[in-house]
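Subject: Model handover

Hello,

Here is the model for you to open. My notes follow below it.

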Amino acid sequence: MKSEPLTESRVEALRAETPGVEHVLHLNNAGSSLPPQAVLDTCIDYLTVEAQIGGYEAIERKSAELERVATAGAQLLNCAPTELAFATSAALAWWRSFEAVPLEAGDRVLISSTEYQSNAFAFIQAAERGVEVEVLPATESGEIDLDALRSMIDERVKLVAVTHIAMTNGMVQPVADIGAIVADSDAYYLLDSCQAVGQLPVDVQELKCDFLSFTGRKFMRGPRGTAMLYVNADIMDNLADTTYIDGQSAQWVDAETYQYAPNAQRFELGEVSFAAKAGFGVALDYAVRVGMDGAAERIAMLSTLLRGQLDELDGVRVRDTGQHQSGIVTFSIGGTDPVALQANLRARGVNTSVLTSELSHLDLAPRGVDAVLRAGVHYFNTAEEISTFIRAIGESR
Ligand SMILES: Cc1ncc(COP(=O)(O)O)c(C=O)c1O
């Protein structure tokens, strides 16, 4: 069932629960968003309890809050709580799943041109071990060419890895169509949905993915140092070893034997910030209650408005590609240094970020784009804030 639309009065209420909107015009939601008050209160309360009764004892007292991470995450993504692992960063969650895919020299891995930089490091290492890593061709509008994917998949393809939304391009990859194609093969399907979860409905059953990673701090509005990995229960028995495991990931059975935890817990590590984890549970629950259909509709409305107003500014070029775009809006301004512009905007209380082509050798660099300014629009932003942002660009360039 579709979630309720985000009416102006609901948005007002959500803004009233977001202390940061009183202080900044925050358009760096693709970097790290503003948490709701309830997330902040939960983290502070957890730390207070730890200080009062002790860290191990706090885990017992706060067990319901900590369990909420898996239960609310399962509601958000439409999976079982046991298919979710808590992690401290999306890059780490992604790496642990990549390592779990059994790959040998001669195997093929197909990847998107929107891959995140740390994923690229893993692909480079795999290629050094003789794995053939191939970038999937894109259509004219920029997304993965589904016909090319169909023709490239064969029995040597062991993994298809796609970054759902790049940090440097607002385009949304056709991840469900890709999933339908990969599901007809023996390959694993790994999604980096770091920039997608929290701004779009993400249903792992519809996507037919085997792994999906995302962070807490971006569109999810959780604390820093939180992330999550979904692992399809059906693949759990056939995975490769993980480099670093501890007493959370595995059990020491006897002097010479250990056994992985039987579910996604095998991807977790024991020592984390439990205060941040409890706050992440609240953020996941909050996202479920806000409703991702309404969030996506509002983000689409605001980001379309922003792209339209940017298009009207002299010398400004919106750089997003693709037929389906997200709340990430990237643009460049001829003759203007983006770093200086970002600093000037910041001095006016407007938060954005700058991304350079070294962060995106497969996407920005081939398009001849050296750097972009990025505005990541969230559902709690307003049309007035978009107009203020446009005025601030005029005053700052
Ligand atoms: C697409 C994508 N994947 C992965 C990451 C890494 O997330 P984290 O910093 O939580 O490791 C980011 C962060 O910007 C990202 O944009």
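Two residues are in contact if their C-beta atoms, placed from the backbone, lie within 7 Å. Helices (H or I, at least four residues) and strands (E, at least two) are DSSP runs, numbered from the N terminus. Axes are lines fitted to C-alpha atoms, for helices over the stretch in contact, and angles run from 0 to 180 degrees between N-to-C directions.

This is a predicted model: local features need pLDDT of at least 70, side-chain atom pairs count only at pLDDT 80 or more, and totals for chains, interfaces and linings use all residues. Residue numbers start from 1 along each chain, as its sequence is written.

Domains

The chain splits into domain 1 (8–31 + 291–396) and domain 2 (39–289). These bounds come from an automatic or database domain assignment. The domain centres, taken over C-alpha atoms, are 26 Å apart. In domain 1, 26 residues are in contact with 23 residues of domain 2. Helix H11 (292–311) and strand S12 (328–333) each give two or more residues to the domain 1 side. H11 supplies the largest share, 5 residues. By class, that side has 12 nonpolar, 11 polar and 3 charged residues. Here Ala, Val, Leu, Ile, Met, Phe, Trp, Tyr, Cys and Pro count as nonpolar, Asp, Glu, Lys and Arg as charged, and the others, Gly among them, as polar.

The seven-stranded sheet

An open sheet of 7 strands runs in the order S2-S8-S7-S6-S5-S3-S4, with mixed pairing. Strand S2 (84–87) and strand S4 (132–135) are at the edges; each has a single partner strand, so one side of each lacks a neighbour in the sheet. Two strands pair if DSSP finds at least two bridges between them. The twist averages 15° from one strand to the next. Strand S6 (residues 188–192) and strand S7 (residues 211–215) run parallel, joined by 3 bridges. Leu190 is opposite Phe211 in S7.

Helix H4

H4 lies across S2 and strand S8 (227–231), at about 120° to S2. H4 (residues 63–77) also packs on helix H10 (residues 274–290), at an angle of about 35° and with the axes 8 Å apart. Their crossing is left-handed, a term used if the near helix is turned anticlockwise from the far one by less than a right angle (right-handed if clockwise). The residues that meet include Leu66, Val69 and Leu76 in H4, and Phe274, Phe280 and Leu284 in H10. The contact of H4 with H10 has 10 nonpolar, 3 polar and 4 charged residues.

The four-stranded sheet

A second open sheet has 4 strands in the order S11-S12-S15-S14, with antiparallel pairing. Strand S11 (316–318) and strand S14 (353–356) are its edge strands. Neighbouring strands are turned by 35° against each other on average, direction ignored. S12 and strand S15 (residues 371–376) are joined by 4 bridges. Val329 is opposite Ala375 in S15, and Ile328 has Gly376 as its bridge partner. S11 joins S12 through 3 bridges. Arg317 has Ser332 in S12 as its bridge partner.

The ligand

Which residues surround the ligand? They are Ser89, Ala90, Ala91, Tyr116, Thr163, Met167, Asp192, Cys194, Gln195, Thr215 and Ala227. A residue is near a molecule or strand if its C-beta atom, placed from the backbone, lies within 6 Å of it. This shell has 6 nonpolar, 4 polar and 1 charged residues.

Best wishes
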